[in-house]
Amino acid sequence: MKRRSVRRVVPLVAALAALTAVPTASAAPGTPPRAAGQHRQFAVGPQYDSTHVYVEPGTEQAFAACWVATFGGTTIGPNATQVTPTPSRTLSELVVSPVGTLSVFDYTTPVPYPFGAERTGWLVTDLDQAVRAARADGAAVTVAPFADPIGRDAVIRFPGGIDAQLYVHTTPPSYPDLASVPENRLYLSPDAVGDFLHSYLAFTRGRIVSDDRRADGAAIGLPGTTYRLLRLTSGFGTTTVAVTDGGLPYPFGRELTGYGVPDLGATLQRAQAAGASVLWGPVTAGGRDSAMVRFPGGYVAEVHAER
């Protein structure tokens with residue numbers, strides 16, 4: 001099978017150093033439902049919020065080629081570097097695509113704990129203030145601020161075990177607006193969802209867009225059942241929360257992000273031609289057609305088109 005080539009640009013550090021335009025902070029879409037969330041808006045924009053993709057060793061280039069063939073976009077890297085506070089080595093690549101930004105890691109050493117558990121990297125306006133605000137809003141700081149080759153990072157954990165990496169770059173990046181803002185897809189138990197929402201909405205200054213307590217279970221591999229589905233929005237983008245009893249078929253709960261496309265059928269055809277496989281669907285539920293897709297390297301994503 002002929003593989004489409006991925007357009008390579010200059011190495012990661014040099015490329016990011018050349019991107020000098022300072023992005024404008026996004027306006028808060030709503031007020032968080034707690035008085036403690038009086039800090040400023042730390043989000044910069046959803047195009048700067050990357051899904052962290054840890055691929056199987058040696059598969060970074062196959063993953064990037066398949067992704068770009070499916071959705072379009074460009075790549076920065078790969079570069080062999082250390083992105084953790086303790087010694088490690090990874091091939092690191094940034095994928096900037098119309099449906100979302102991805103930070104891809106292909107480790108050549110064991111991955112230091114707790115890295116690999118974080119699902120997203122959020123660009124923030126001020127790292128130290130964001131870390132203090134996260135603590136005040138009920139999140140735990142699981143990795144204290146540390147320096148990386150192009151900036152500084154920290155990892156926080158919201159109630160329910162949801163990890164996010166916060167970061168700033170020494171030279172602020174400039175990425176194009178997204179054609180479709182991706183969804184951060186979370187699965188929580190009824191016991192955890194209340195504390196999670198309390199903390200997450202306060203820190204992100206987000207709001208609940210909808211709360212469907214009888215959503216169609218076909219969307220999560222359980223046709224004929226219902227579950228609770230919340231949709232959230234903030235300056236960090238969109239988030240869906242599936243509240244379930246944990247009885248989920250594979251691969252649901254393994255995906256990190258959902259990607260919106262105008263034509264699901266055509267997107268799935270491109271993905272399969274480039275080496276991806278469809279694990280579930282397409283199905284129609286909740287006003288959208290959706291499918292679960294596994295890309296080379298093991299990354300699983302939900303892909304959907306609104307009806």
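Leaving aside neighbours within four places in sequence, which residues is Phe158 in contact with? In this predicted model, Phe158 touches Trp122, Ala139, Ala164, Phe196, Ser199, Tyr200 and Phe203, where contact means heavy atoms within 4.5 Å.

Residues are numbered from 1 along each chain as its sequence is written, and side-chain values use heavy atoms, without hydrogens or water. Because the model is predicted, local features need pLDDT of at least 70 and side-chain atom pairs count only at pLDDT 80 or more, while totals for chains, interfaces and linings use all residues. The pLDDT, the predictor's confidence in each residue on a scale from 0 to 100, averages 89 over the chain, and 88% of the residues score at least 70. Over residues 1-37 the pLDDT stays under 50; for this stretch the model has 90 contacts beyond four places in sequence.

Helices (H or I, at least four residues) and strands (E, at least two) are DSSP runs, numbered from the N terminus. Eight strands form an open sheet with mixed pairing, in the order E2-E3-E4-E1-E5-E8-E7-E6; two strands pair if DSSP finds at least two bridges between them. At the edges stand E2 (74-81) and E6 (140-148), each pairing on one side only. From one strand to the next, the twist averages 20°. E1 (residues 50-54) and E5 (residues 120-123) run antiparallel and are joined by 2 bridges, and Ser50 stands opposite Gly121 in E5. Helix H3 (residues 127-136) lies across E6, E7 (151-158) and E8 (162-169), at about 10° to E7. For such angles, axes are lines fitted to C-alpha atoms, for helices over the stretch in contact, and values run from 0 to 180 degrees between N-to-C directions.

Phe158 also features in the largest nonpolar core, which has 31 residues; those with the most contacts inside it are Phe158, Leu166, Phe196, Phe203 and Val241. Such a core is a set of buried Ala, Val, Leu, Ile, Met, Phe, Trp, Tyr and Cys residues joined through side-chain atoms within 4.5 Å, with buried meaning under 20% relative accessible area (1.4 Å probe, protein chains only). Helix H4 supplies the largest share of this core, 7 residues. Apart from it lies another core, of 27 residues, among them Trp67, Leu102, Leu268 and Val293.

Trp67 is one of the buried residues of helix H2. This helix, residues 60-71, is mostly covered, with 10 of its 12 residues buried. Gly72, whose phi is positive, near 85°, follows H2.

Notes. Expected span 1.5 Å × (residues − 1). Buried < 20%, exposed > 50% of the residue type's maximum accessible area, 1.4 Å probe, protein only.
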